[in-house]
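The entries are kept in the order in which I looked things up.

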Amino acid sequence: MKVCVTGGTGFVGSRLVEVLLERGDAVQVLTRSVQKAKSKFAKLPSEQQDQLTLTQYDPLVPSQWAQEIAGCEAIVNLAGENLAGERWTPQKKKAIRQSRIDGTETLVEAIAQLDPKPGVMVSASAVGYYGADEQKIFTEESEPGSGFLAEICKDWEAAAAKVKDEGVRLVQVRIGIVLGPDGGALSKMMGPFQAFIGGPIGSGKQWLSWIHRDDLVGLIVAGISNAQMSGTFNATAPNPQRMEAFCQILGEVMARPSWFPVPSFALEALFGESAEVVLSGQQVLPKNAQTAGYEFKYPTLKSALQQILVS
């Protein structure tokens with residue numbers, strides 16, 4: 001199968017590309033920097049290098065690259081500006097919106113030009129769709145929440161939904177906090193624990209709906225391969241944790257104490273509105289993924305962290 005991937009050099013996308021190549025797929029990565037992508041995949045075996053195509057593209061302008069993706073049987077849309085780690089200035093909010101919503105609309109426009117069209121598009125969204133709540137349990141049938149992230153996710157999903165008008169099967173994955181080696185949220189949390197000053201962030205009561213990166217990639221691959229999968233799937237492990245418990249388990253796996261909480265006001269002073277990414281959360285369950293028969297490799301936080309940090 002020929003699979004086209006946007007966001008293919010990121011923390012999730014690069015691992016997805018490796019897995020697709022390992023299973024024998026031809027992979028085309030749409031990237032704003034071919035040079036960066038070459039560096040990212042430089043260590044791949046030569047036979048996998050032969051299966052990989054890197055295509056320069058502007059995510060806001062279809063132009064020439066629209067025709068270069070002809071022949072792709074599946075599209076995976078993971079592109080998006082990083083949400084955490086800096087203030088949401090008006091310029092940052094614009095970049096977040098453009099990269100997700102405008103970029104997805106442009107991709108759908110490109111797909112509309114193709115004949116034949118790909119059979120499936122797997123498109124990213126996020127659990128921020130549900131808003132923040134410490135009490136509710138959210139499944140795919142739950143109503144959307146309010147706030148900047150919820151609005152972004154709703155518009156992002158609406159942009160992707162237009163691909164169905166082209167006769168393309170759509171799988172939307174609402175992604176939780178992704179855990180894996182060498183990047184992502186976990187790499188930022190480990191530093192204080194390694195220095196023996198780790199602990200919960202904020203109240204410690206907020207829910208963290210997490211997923212091991214290999215399970216997220218596995219769910220995306222299932223969405224590509226399983227013609228019966230369509231619609232929305234929560235890409236979260238079946239056992240979310242509150243921040244306090246999450247940090248306690250992380251400390252146990254790292255053999256470090258979890259005793260030094262980071263107060264909410266400190267993050268709010270540093271990051272402003274964007275602090276809500278870690279200070280608020282939601283308890284999200286993967287009902288549709290389990291109904292579709294997806295079996296999580298790492299259903300519990302301890303098993304996920306042990307694989308990442310110990311294995």
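**Basis.** I worked from a predicted model, in which local features need pLDDT of at least 70, side-chain atom pairs count only at pLDDT 80 or more, and totals for chains, interfaces and linings use all residues. Residues are numbered from 1 along each chain as its sequence is written, and side-chain values use heavy atoms, with hydrogens and water left out.

**Strand E4.** I took helices (H or I, at least four residues) and strands (E, at least two) as DSSP runs numbered from the N terminus. Two strands count as paired if DSSP finds at least two bridges between them. Strand E1 (residues 2–6) pairs with E4 in the parallel sense over 4 bridges, and Val3 stands opposite Ala74 in E4. E4 also pairs with strand E5 (residues 120–126), again in the parallel sense over 4 bridges; here Ile75 stands opposite Met121 in E5. I then asked whether the faces of E4 (residues 74–77) are covered or open. Both are covered: Ala74 and Val76 on one side, and Ile75 and Asn77 on the other, are all buried (under 20% relative accessible area, with exposed over 50% and partly exposed in between, for a 1.4 Å probe and protein chains only).

**Helix H9.** Among the buried residues of H9 I noted Met243, Phe246, Leu250 and Met254. Ala255 follows H9 and has a positive phi, near 55°.

**Largest cavity.** On a 1 Å grid over the protein atoms alone, a cavity is a set of points where a 1.4 Å probe fits but cannot get out; a pocket is an open set with protein on both sides within 12 Å along at least five of seven lines, and lining residues have an atom within 4 Å of a point. I found 1 cavity of 30 Å³ or more. The largest cavity has a volume of about 40 Å³, and its lining includes Thr6, Tyr57, Asn77 and Ser99. Helix H5 (residues 90–112) gives the largest share of that lining, 4 residues.

**Second largest pocket.** I recorded about 270 Å³ of space here. Of its 15 lining residues, Ser14, Arg15, Glu18, Lys40 and Arg213 lie nearest the centre. Helix H1 (13–22) gives the most to this lining, with 3 residues.

Notes
Points joined across faces, edges and corners; volume = space filled by probe spheres on them.
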